[in-house]
Amino acid sequence: MRRAARNGYHPSMTLTYIRDPELTPALRDELVRLWVDVTNAGGAVGFVPPVADGDIRPVAEAQLDAVRGGGARLLAAYADGRLVGTVFIASNRHRLMTHWATLVTVMIEPTLQGGGHGKAMLREAIDMARDLGFASLRLGVRGGTGVDAFYATVGFKEVGRVPESIRVAEGDYRDDICMWLRLD
């Protein structure tokens, strides 16, 4: 908890959720900072630690470009005015699949994990997706992390798995777990 005290975060603090926040330069910088912190704490959010801003920024910019272009939506979680969590809701462009979306870059400040904040943020994202008219949500999870059990607590079910399709290091391969949640 040393880091929690240094950041001023406490597991009992209340988060504020903003759907589709303004994509300001400050938000971009905060997204990169959060992504670096989550990755370096061991979070499975598309990278393997250690990472620095320069590793994350191009990918973060691409995701924000998708939001700007209408291909994704963003749910941002804040504590004391600081970005502490995100969920991107990526739309499908294929005309036969526009009824469902994919959740990507689901992350919460590491010092806030374990206190119910991630679950509350995920429920808000599910409500947002439902409000946007989606019938189902898909989520890809890196095997071997145990995070699939977390997503199951809000109703996601494993519907498929691609063995050893994620290489986190030489000789260390993980399954790509596909999880699904019907919203209706």
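**The largest pocket and its surroundings**

Author: Strand E4 contributes the most to the lining of the largest pocket, with seven residues. Helices (H or I, at least four residues) and strands (E, at least two) are DSSP runs, numbered from the N terminus. The model is predicted: local features need pLDDT of at least 70 and side-chain atom pairs pLDDT 80 or more, while totals for chains, interfaces and linings use all residues. Residues are numbered from 1 along each chain as its sequence is written, and side-chain values use heavy atoms, without hydrogens and water.

The volume of this pocket is about 1,100 Å³. A pocket is an open set of points on a 1 Å grid over the protein atoms alone where a 1.4 Å probe fits, with protein on both sides within 12 Å along at least five of seven lines; lining residues have an atom within 4 Å of a point. Points are joined across faces, edges and corners, and the volume is the space filled by probe spheres set on them.

Of the 46 lining residues, Ala44, Val45, Val106, Val147 and Tyr151 are the closest to the centre of the pocket. Two or more residues come from each of helices H3 (53-68), H4 (117-131) and H5 (147-152), and from each of strands E3 (82-91), E4 (100-108), E5 (136-142), E6 (157-169) and E7 (172-182). By class, the lining holds 25 nonpolar, 16 polar and five charged residues; Ala, Val, Leu, Ile, Met, Phe, Trp, Tyr, Cys and Pro count as nonpolar, Asp, Glu, Lys and Arg as charged, and the others, Gly among them, as polar.

One of the contributors, H4, has 15 residues and reaches 21 Å from its first C-alpha to its last, close to the expected 21 Å (1.5 Å times one less than the number of residues). Its buried residues include His117, Met121, Leu122, Ala125 and Ile126; buried means under 20% relative accessible area, exposed over 50%, and partly exposed in between (1.4 Å probe, protein chains only). After H4 comes Gly133, with a positive phi near 95°.

Most residues other than glycine have a negative phi, and most peptide bonds are trans. Between H2 (25-40) and H3 lies Pro50, and the peptide bond from Pro49 to Pro50 is cis, with omega near 0°. Asp20, in the loop between E1 (16-19) and H2, has a positive phi near 50°; because its relative accessibility is 31%, Asp20 counts as partly exposed. Asp80, in the loop between E2 (72-79) and E3, likewise has a positive phi near 50°, but at 67% relative accessibility Asp80 counts as exposed.
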